[in-house]
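The sequence and structure are shown first.

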Amino acid sequence: MKLLVVDDEHLERQAIRLILERAEEPIKVVGEARNGRQAVQLAEELRPDIILLDIKMPGMDGLTAAREIRKILPASAIIFLTAYNEFDYVQEALRIGVVDFLLKPIRSQELVDVLKNTRVQLLREREEQSEHKKLQEQLAEALPWLRLNLGLGLIWGLWEERAAVEQQARLVRLEVLPRVAFGVYMENRLEGSPASLARFELLRYQLQRLVEDALTRHPWGLCLPISDRMLIGLWGNQGPDQEHRLRQLAGEIIEAAADQLSLGVTVGLSRFCEDISQLPHAAWEAQTAAHLGMFYLGPERVVHVDELEHKSGQDEVVYAAKERELVEVLRSGDAEKAKKTFREFLVSVFDGRDTDLHLIKARLMAVLVAFSRSMGSYGEQKEEIVHVYNKFARRLSLCLSIEELEEWMAELALSGNNPAAGQAGAMVNSAVKKALSYIQENYQREISLTDLSRIIFLSPDYFSRAFKEQVGCTFSEYVLRLRIEKAKKLLAETDLPVGEVGRQVGYPDPNYFSRVFSRAMGMPPSRFRQITARCSQQV
């Protein structure tokens, strides 16, 4: 480290230099100054790590020089040299940020010890700063995923403690938790060809960036892509005129999409929430308003969920009757009747099966909301019931055909008698079974808990707990056991080299595979193969 020595006495400066040379510490004297003004000048030129600074010097004294140097080198360490052990100096030095004092005449060992401790402290601080900088860079890189994870957790109700949600929000620079949802629904631009699909995907990405940019001008928001033509925005504001500002935001999105992308979008608005526990309902309302707004009014409109009944005309009368019929069938718990009523619903509301699937799903989302409200409260099970209906909403958005929608209707009907008693567990069971199947098919490659949670649409923490409860071991333990069993089979039944066996079960590094296998089986893979072969010969 570089050291600047500041003392008006030449002999003192030479003595300090000689002591350090004899001590052989990794600290080099890079400059000497005889007064405060020269010290400030050399500090700016040489950028020393440590400054030994005499307090009493002619002209600019040490205290004044220390203040000036601190402006230039805020991270440097300043050590005062003084023959004056006075409290006033100590007070002022602490305000400046001096790290230590050395009283004259300086003792050699004391000087070496102080400089050594200062050097160690500087190294530790720099290491901490480097780690902090690295962490901030990693956080910035992960920020889009963290914001998406938080947003999905809010609209699907996948959170347990409000304090944890607030901590996540601070981490992703969300100053205020959302209080309202809005849906941005794109007009259909798909023509069926691969080139058309590529253009559509790019357009959807550009629309998401556009919405995110609009949210930066109206802070405290998140943007979530939840289907191929729908984005959900979450927004919160502590100021006045919330409704007006939300409509202003929606208008900016519509105008920007038309001007910059030549794209028509409809923005649906939900009611404002009193608490984040109501955000799943708000997301449903926003999607429904956006879907039906596009259906009845076309693109470039802002539609509030409360306005739908006034805007939909005679068709809405037909729909309202069919919605009530569907809800009653769902409440009865008759799955087959639910399928039949759904098919009648398609004919009466959509004139058959050729209507845009997204519009049908928008209608069914409204049916799900009505059904969940009609089921009322189940006392202590209320939160679990809300979680179950959130799962149904998510599954609805993933349906890709009329047949899948029919099955969705049947399962929803089966949940009608007591959704908390069996449906929540059944849905988790289904997710775990899907995860086990995926692991069986992909154990040869890297599988992370985060990647898997995306596939089954559960948060990593929630899935981890459910997996351990269902399977009896953690996700990583299960993958390890499966890979070891596959490796044992290959070692016993084939002549593949040990390294190739490791590669085929997901361990491309032969040395790492050997260590993992040895820990699991108590012997290296080559020894296991020898023993297995010997046993086979004896049999």
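Contact here means heavy atoms within 4.5 Å. The model is predicted. In this model, helix H8 (residues 242–261) lies across strand S6 (180–186), strand S8, strand S9 (265–269) and strand S10. The direction of H8 runs at about 165° to that of S9. Helix H9 (residues 279–297) also packs on the sheet, where S6, S8, S9 and S10 are touched by H9. Its direction makes about 35° with that of S6.

**The sheet**

The sheet is open and has five strands, in the order S7-S8-S6-S9-S10, with mixed pairing. At its edges are strand S7 (221–225) and strand S10 (302–304), each of which pairs on one side only. From one strand to the next, the twist averages 20°.

Strands of a sheet pair through backbone hydrogen bonds, and this can be parallel or antiparallel.

| Strand pair | Bridges | Direction |
|---|---|---|
| S7 and S8 (residues 230–235) | five bridges | antiparallel |
| S6 and S9 | five bridges | antiparallel |
| S9 and S10 | three bridges | parallel |

Single residue pairs can be named within these pairings. Leu222 has Leu234 in S8 as its bridge partner. Gly183 stands opposite Gly268 in S9, and the bridge partner of Val267 is Val302 in S10. Between S9 and S10 the chain passes through H9, and this β-α-β crossover is left-handed.

**Strand S9**

S9 is mostly covered, with five of its five residues buried. Val265, Val267 and Leu269 point to one side of the strand, whereas Thr266 and Gly268 point to the other, and all are buried. Two of these residues were named above: Gly268 is the residue opposite Gly183, and Val267 is the bridge partner of Val302.

**Cysteines**

Which class of accessibility applies to Cys223, buried or exposed? Cys223 has a relative accessibility of 9%, and the cut-off for buried is under 20%, so Cys223 counts as buried. The same cut-off applies to Cys273: its relative accessibility is 3%, and therefore Cys273 also counts as buried.

How many disulfides does the model contain? The count is zero, where a disulfide would need a pair of cysteine sulfur atoms within 2.5 Å.

Notes. Residues are numbered from 1 along each chain as its sequence is written. This is a predicted model: local features need pLDDT of at least 70, side-chain atom pairs count only at pLDDT 80 or more; totals for chains, interfaces and linings use all residues. Side-chain values use heavy atoms; hydrogens and water are left out. Two strands pair if DSSP finds at least two bridges between them. Helices (H or I, at least four residues) and strands (E, at least two) are DSSP runs, numbered from the N terminus. Axes are lines fitted to C-alpha atoms, for helices over the stretch in contact, and angles run from 0 to 180 degrees between N-to-C directions. Buried means under 20% relative accessible area, exposed over 50%, partly exposed in between (1.4 Å probe, protein chains only). A crossover is right-handed if, with the strands pointing away from the viewer, the path from the first strand over the helix to the second runs clockwise.
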